[in-house]
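Q: I have a model open on my screen and I'd like to learn how to read it. Can we go through it feature by feature?

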Amino acid sequence: MSDIPGTGINSEIPLTPDFHRLWLTFLAELQVNPLLDTTNAGAFGMSFGGNAVVKLAMTEAESFRAIANICGPVHEVFTLSEDEVSAIDAMYLDGLVDRMHLPNKNPATIIAAAREFSLVNQGLIGQGQTTMVPVLSMNARGDYVAPEPDLELVTEASQDGRIVWSGSGDHCPQNRQRDMPLVAEFFVSHMIDSKR
């Protein structure tokens, strides 16, 4: 699923901390097709979508066999100060305000809305919680949106967690042509090979 409410073309649907439900709705639609094995489902989320799929791993473990979090923020970026929010490029702030359907781009308004997306603040990771769902996280080192401690929290929460570092100094994997096939291999190993 490449489009998620509020961050893709669905601008009419507000981006809220429960946007992980899109994957559940999609899975429910697939479950009515008897030709599909929906007991062997995986979820892939990139950037903000990574937040949602990590939440799925923690809250819907019975529904997913594997999760791939590609540069998804789970905590730190949602704890910025007013000064840090004010320093973000206007394009990104305007996008957040639009997608979250916020009344204004006052830093205090953005901070209040953003804090709700932290999976630590939601009590899902960071306090010793674990999931049986294998989670592969991939990102560039030094990413300012999904920093290394975020991915480490995700890996600690998954009983079969793994991080792949791909480049450095920017948001999302930098060596995609080389490293994205590892995501496919991860899904094959946990969803196909494990059934043999």
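Predicted model: local features only at pLDDT ≥ 70, side-chain atom pairs only at ≥ 80, totals over all residues.

Q: Where is Asn-40 placed, and which side chain does the side chain of Asn-40 join in a polar contact?
A: Look in the loop between α1 (21–31) and β1 (42–46) for Asn-40. Its side chain makes a polar contact of 3.0 Å with the side chain of Arg-65.

Q: Let me step back. How many helices and strands are there in the chain, and how do the elements run from the N terminus?
A: You'll find seven helices and four strands. Walking from the N terminus, the order is α-β-α-β-α-α-α-β-α-β-α. The chain has a radius of gyration of 17 Å, close to the 16 Å given by the globule rule for 196 residues, so it is as compact as a globular protein of that length. As for its extents, the C-alpha trace spans about 55 × 35 × 35 Å along the principal axes.

Q: What share of the residues is buried, and what share of the contacts joins residues 24 or more positions apart?
A: Of the 196 residues in the chain, 45% are buried. Then take the contacts with a separation of 6 or more: 71% of them are between residues 24 or more positions apart.

Q: Next, helix α7. Which residues does Phe-186 touch, leaving out those up to four places away in sequence?
A: Phe-186 belongs to helix α7 (residues 176–192) and touches Ala-66, Ile-67, Pro-134, Val-135 and Leu-136. Its relative accessibility is 5%, so Phe-186 counts as buried.

Q: What about Met-191: which residues is Met-191 in contact with, setting aside neighbours within four places in sequence?
A: Met-191 is also in helix α7, and its contacts are Asn-40, Ala-41, Gly-42, Arg-65 and Ala-66. Met-191 is buried, with a relative accessible area of 12%.

Q: How far apart are Met-191 and Ala-66 along the chain and between their C-alpha atoms?
A: Check sequence separation and spatial distance side by side. Met-191 and Ala-66 are 125 residues apart along the chain, while their C-alpha atoms are separated by 7.1 Å. For another pair, take Arg-115 and Ser-137: 22 residues apart in sequence and 22 Å apart in space, C-alpha to C-alpha.

Q: I also want to understand backbone angles. What is phi of Cys-71, and what is phi of His-101?
A: The general idea is that most residues other than glycine have a negative phi. Cys-71 has a positive phi, near 55°, and His-101 has a positive phi near 55° too. Cys-71 is in the loop between β2 and α3 (82–86), and His-101 is in the loop between α4 (90–100) and α5 (107–115). Cys-71 is buried at 0% relative accessible area, whereas His-101 is partly exposed at 40%.

Q: Last one: what does the side chain of Arg-115 reach?
A: It reaches the backbone oxygen of Phe-78 at 3.0 Å. Arg-115 is in helix α5 and, beyond residues up to four places away, touches Phe-78, Thr-79, Leu-80 and Asn-121. With 32% relative accessibility, Arg-115 counts as partly exposed.

How values were computed
Residues numbered from 1 in each chain as written. Heavy atoms only, no water. Helix = DSSP H or I, 4+ residues; strand = E, 2+ residues; numbered from the N terminus. Rg over C-alpha atoms; globule rule 2.2 N^0.38 Å. Buried < 20%, exposed > 50% of the residue type's maximum accessible area, 1.4 Å probe, protein only. Contact = heavy atoms within 4.5 Å. Polar contact = N/O pair within 3.5 Å; in protein donor to acceptor, adjacent residues only side chain to side chain.
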